[in-house]
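Please consider the structure shown below alongside its sequence.

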Amino acid sequence: MSFRAALVQTCAGRNPARNLEIVSDMIREANARGARFVSTPEMTNLIEPDRPRLRAIARSESEDMSVAGYAALARDLGLWLHVGSLALKTEGDRLVNRSMLFAPDGTVAARYDKIHLFDVDLPDGTAIRESAAFAGGDAAGLARLPWGMVGLTTCYDLRFPALYRSLAAAGADFIMVPSAFTVPTGEAHWHVLLRARAIETGSYVLAAAQTGVHESGRETYGHSLAVSPWGEIIAESGTTPQILLFDIDPRAVAQARNRIPVLVHHRSFGLKHATGIAT
């Protein structure tokens, strides 16, 4: 029942064609080394903080070279390929941050548009407004693999545990978190949040990450992680572009959930406001 998986860690630039070439070569290498399931980071096709330039470069799903290229690659390799996310054009001037899961025949097995958009002011003075360009999704993503069910999330979604519990309750054995975490937030929260989501759900949590200083000047944290359903880190990358290979035993999901059956024990509840409290 075990299978080999890979997380591709890359440093995307501003040229989608070049990014496609680099990541495709890494996917081929991962497959040659035994990977039957490969995942790439958030914004696999480009990292471009300049919004007008991003809108000018982005294409619709039907026109995007990366969509066509990764579909063909999955088909050629007979591989399950999760493209962590792509910046794609949608109605009007809006974009979506879309994950795509390609089956071994090259068809799209699932799509997921990132629900929670990253609008923050960081302590170092950096202001990020993802919602200024992107439209958020409104539905979680779930699909069946030969080894179990996979749930799709993206980056900032990681901070919203209800999404992960919902995916696990719906049957997800593996939950993807492709990311482009900033360095300050990565150093503070990356490992603990990924391990917490795995422990809370009894699921494998697999997070392919962008890394390094990008062509645009943005810096991302790296440290792609594979976390077991018991919360153990089973594989971790550093801070350079690389391929992270590891083996997954789907039976570990049932074992973890039987040991600590949090999904069974979960209860809905209301809030009771106390009265007569001295102030």
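Helices are DSSP runs of H or I with at least four residues, and they are numbered from the N terminus. The model discussed here is predicted.

Helix H1 comprises the 17 residues 16-32. Buried positions along H1 are Pro16, Asn19, Leu20, Val23, Ser24, Met26, Ile27 and Ala30. These residues are on the same side of H1, because they cover an arc of only 165° around the axis. The partners against which the buried residues of H1 pack include strand S1 (3-9), strand S2 (37-39) and strand S3 (80-89). Helices H2 (51-57) and H3 (65-77) are also among these partners, as is strand S16 (242-248).

At its start, a side-chain oxygen of Asn15 comes to within 2.9 Å of the backbone nitrogen of Ala17. Just after H1, Gly34 adopts a positive phi of about 105°.

Attention now turns to strand S11, residues 204-207. Tyr204 and Leu206 point one way from S11, whereas Val205 and Ala207 point the other way, and all are buried. S11 runs parallel to strand S10 (residues 172-176), to which 3 bridges join it. Within this pairing, Phe174 stands opposite Tyr204. Together with helix H5 (residues 183-201), S10 and S11 form a right-handed β-α-β unit. S11 also pairs with strand S14 (residues 225-227), here in the antiparallel sense and over 3 bridges. Val227 of S14 is the bridge partner of Val205.

The loop between H2 and H3 holds Arg59 and Ser62. How accessible is Arg59? Arg59 counts as partly exposed, because its relative accessibility is 38%, and partly exposed denotes the range between under 20% for buried and over 50% for exposed. The side chain of Arg59 reaches the backbone oxygen of Ala56 at 2.9 Å. Leaving aside neighbours within four places in sequence, Arg59 is in contact with Asp64, Leu88 and Lys89. Arg59 and Phe37, 22 residues apart in sequence, are separated by 26 Å from C-alpha to C-alpha.

Ser62 has a relative accessible area of 71% and is therefore exposed.

Conventions:
Residues are numbered from 1 along each chain as its sequence is written. This is a predicted model: local features need pLDDT of at least 70, side-chain atom pairs count only at pLDDT 80 or more; totals for chains, interfaces and linings use all residues. Side-chain values use heavy atoms; hydrogens and water are left out. Helices (H or I, at least four residues) and strands (E, at least two) are DSSP runs, numbered from the N terminus. The expected span of a helix is 1.5 Å times one less than its number of residues. Buried means under 20% relative accessible area, exposed over 50%, partly exposed in between (1.4 Å probe, protein chains only). The arc is that of the directions from the helix axis to the C-beta atoms. Contact means heavy atoms within 4.5 Å. A polar contact is a pair of N or O atoms within 3.5 Å; within protein, one must be able to donate a hydrogen and the other to accept it, and residues adjacent in sequence count only if both atoms are side-chain atoms. Two strands pair if DSSP finds at least two bridges between them. A crossover is right-handed if, with the strands pointing away from the viewer, the path from the first strand over the helix to the second runs clockwise.
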